[in-house]
Amino acid sequence: MLNKIHTATFNSTMMTCAFLVAQMSPTYATTPDNNAKLDNLSQTACIKASGLISATASSPIRFSDKLLVEVRVIEGVWPQAHMNGAQARMLCLYNRKTKQAEVQEWPTQPKPAPTLKDVWWQAEDIDGKGIIDRSELTFMLGSDGKIGGKSGCNGYSASYEISNGQLKVTSPLIGTRMTCAPAIMIQEQVFWKMLQTTVAFTISPDGKLILQSADGTASRFNRK
């Protein structure tokens with residue numbers, strides 16, 4: 001009889017301990033089975049908290065169940081009209097226990113100013129018109145004050161100056177004397193004239209170099 005009492009007491013104690021452990025174990029702990037659900041919850045919460053238009057979320061960085069935190073990067077478009085559709089980036093912290101998300105703007109590092117000199121520029125169009133396929137119209141502005149490259153058929157070089165956003169070729173272009181197809185030769189003359197009449201330059205937000213000629217036409221170049 002005594003053994004039966006001890007056994008019953010032991011079983012009761014074990015059941016009580018199991019219940020307490022179950023109560024102490026977080027039901028929000030990550031497991032392979034519920035990671036997909038957690039991903040959906042944290043992504044939805046972070047995107048909603050950001051308030052951005054066309055927002056997308058990065059994959060989460062998931063901390064252990066001691067912290068119960070997930071981190072995501074949210075990117076999208078500012079909804080305010082005065083932001084003119086500017087891109088935005090936010091850092092989102094999501095708490096797996098409370099299911100709450102909090103975001104803070106995460107400014108991107110400003111891009112370094114594009115290098116103008118000592119890099120090759122490839123023509124995209126000349127005087128606002130397209131160029132012949134596979135023709136090579138290039139130039140480099142050297143730190144030595146020399147400009148040179150290929151003009152579709154021949155190589156060329158000259159001297160140049162840059163001052164206050166103005167670019168000027170200061171000597172006649174000197175080139176090789178190869179003969180190519182008539183269309184290439186005509187395009188070459190147009191290219192040379194454009195370089196010799198360039199008066200100003202700008203670099204667009206997407207990194208294109210724009211040369212403006214004295215007659216108001218513009219030619220666009222990409223970094224080669």
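**View 1. Ser159 is a buried residue of the predicted model, with a relative accessible area of 18%.** Buried denotes under 20% relative accessible area, exposed over 50% and partly exposed in between, computed with a 1.4 Å probe on protein chains only. Ser159 belongs to strand 9 (residues 155–163); strands (E, at least two residues) and helices (H or I, at least four) are DSSP runs numbered from the N terminus. This is a predicted model, in which local features need pLDDT of at least 70 and side-chain atom pairs count only at pLDDT 80 or more, whereas totals for chains, interfaces and linings use all residues. Residues are numbered from 1 along each chain as its sequence is written, and side-chain values use heavy atoms, with hydrogens and water left out.

**View 2. Surroundings of Ser159.** Leaving aside residues up to four places away in sequence, Ser159 touches Gly145, Lys146, Ile147, Lys168, Val169, Thr170 and Ser171, contact being heavy atoms within 4.5 Å. The side chains of Ser159 and Lys146 form a polar contact (3.1 Å). Such a contact is a pair of N or O atoms within 3.5 Å; within protein, one must be able to donate a hydrogen and the other to accept it, and residues adjacent in sequence count only if both atoms are side-chain atoms.

**View 3. Buried and exposed residues of helix 2 (residues 35–50).** Leu38, Ser42, Ala45, Cys46 and Ser50 are buried. They lie on the same side of helix 2 because they cover an arc of only 130° around the axis, taken from the directions from the helix axis to the C-beta atoms. Exposed Ala36, Lys37 and Lys48 are on the face turned away from the buried side.

Definitions and conventions: The expected span of a helix is 1.5 Å times one less than its number of residues.
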